[in-house]
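Colleague: I'd like to learn how to read a model like this one. Could you take me through it?

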Amino acid sequence: FYYSFASGFAGTSFFEDWVRASYNIILSAPIIAVGVFDRDVMPEDALNNPELYETGRLGLDLNSKKIAETLLSALMHSGAICLMILYALPHFIGSGTGDYFTF
């Protein structure tokens, strides 16, 4: 999202096609591993340990406050990463006239 502002909405791609194609394959491995190795709690264990389901019953993990905190954290992290990249590559920010990134 931030790259489009830095590139002057030029429509250029920040990543190569093979990076975008491998992104889903690499990041799907942990999700598939959880799906393969996850097992349900036995009914006896669930009755003996009601604290296992306490966060779900009390709504501690999925509520408006947690969602807002997560979104704010994501915005702050993405902004920090964008600023680090732009400061690491000062020649990327076009300030002269006639260069590729000038509007």
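Modeller: First, the ground rules. This is a predicted model, where local features need pLDDT of at least 70, side-chain atom pairs count only at pLDDT 80 or more, and totals for chains, interfaces and linings use all residues. Residues are numbered from 1 along each chain as its sequence is written, and side-chain values use heavy atoms, leaving out hydrogens and water.

Colleague: How many helices and strands are there in the protein?

Modeller: Helices (H or I, at least four residues) and strands (E, at least two) are DSSP runs, numbered from the N terminus. Here you get five helices and zero strands.

Colleague: What is the count of buried residues in α2?

Modeller: Buried means under 20% relative accessible area, exposed over 50%, and partly exposed in between, with a 1.4 Å probe and protein chains only. In α2 the count is zero among 21 residues; across the 103 residues of the protein, 5% are buried.

Colleague: Where does α2 bend?

Modeller: A bend is the angle between axes fitted to the seven residues ending at a residue and the seven starting there. α2 bends by about 35° at Ala29, with a proline, Pro30, following within four residues.

Colleague: And Ile26, buried or exposed?

Modeller: Ile26 sits in α2, which covers residues 17–37. Ile26 counts as exposed because its relative accessibility is 56%.
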